[in-house]
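Me: I have a model open and want to learn how to read it. Where do we start?

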Amino acid sequence: MTERAGQIILALTLAAGVLTGCASADEGADVVRATPSGRTIPFDLYTHCGIDEARIGSTYFEAVTPLSDGSGSPPEGWDNPTQRGTMTLKSETEAVFTDDAGHEVKFRARPGASAFKRICA
């Protein structure tokens, strides 16, 4: 039983490293909460040029439905330059960002991507 518990702790610790990223998880966020639908981490989503992309570990994701105010900024009701919330990795190719304001953005992995589609200044 002790060996199994140690394996679970090690797996969760490794998962925390996999889930950190550019649209970043909080510094020092070493704990990943397991949920029925996936793994969840605190996440600061970069919103400055609208809600379009996120990086989780080494995987680049794009919003299923990008959000913008029409001028390349986040829509009304979103913080700028980042929105604090959580990112839940539903699978290796699907993630969902949520926050206390009630926002929800679904992301899908961009296979083979090694950088963001565009760099926002």
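**Disulfide and strands**

Reply: A search of this whole predicted structure finds one disulfide. Cysteine 49 and cysteine 120 form the disulfide, with sulfur atoms 1.6 Å apart.

Me: Which parts of the chain does the pair link?

Reply: Distant ones, 71 residues apart. Cysteine 49 lies in the loop between β2 and β3 (51–56), and cysteine 120 in the segment after β7.

Me: Why is the disulfide right-handed?

Reply: Look at the torsion about the S-S bond. For cysteine 49 and cysteine 120 the torsion is about 65°, so the disulfide is right-handed.

Me: Are cysteine 49 and cysteine 120 buried or exposed?

Reply: Cysteine 49 is buried, and cysteine 120 is buried too.

Me: Why does aspartate 44 count as buried?

Reply: Buried means under 20% relative accessible area. Aspartate 44 has 15% relative accessibility, so aspartate 44 counts as buried. Aspartate 44 is found in strand β2 (residues 38–46). A polar contact of 3.1 Å joins its side chain to that of arginine 84.

Me: How should I read a strand?

Reply: In a regular strand, side chains alternate between the two faces of the sheet. Now take the pairs here. Strand β5 (residues 82–89) pairs with strand β6 (residues 94–98) in the antiparallel sense, over four bridges. Methionine 87 stands opposite phenylalanine 97 in β6. β5 and β6 form a hairpin, with four residues between them.

Me: In which sense do β6 and strand β7 pair?

Reply: Antiparallel, over five bridges; β7 covers residues 104–109. Glutamate 94 stands opposite arginine 108 in β7. The hairpin of β6 and β7 has five residues between the strands, and glycine 102 there takes a positive phi near 95°.

Notes:
Residues are numbered from 1 along each chain as its sequence is written. This is a predicted model: local features need pLDDT of at least 70, side-chain atom pairs count only at pLDDT 80 or more; totals for chains, interfaces and linings use all residues. Side-chain values use heavy atoms; hydrogens and water are left out. Two strands pair if DSSP finds at least two bridges between them. Helices (H or I, at least four residues) and strands (E, at least two) are DSSP runs, numbered from the N terminus. Buried means under 20% relative accessible area, exposed over 50%, partly exposed in between (1.4 Å probe, protein chains only). A polar contact is a pair of N or O atoms within 3.5 Å; within protein, one must be able to donate a hydrogen and the other to accept it, and residues adjacent in sequence count only if both atoms are side-chain atoms. A disulfide is a pair of cysteine sulfur atoms within 2.5 Å.
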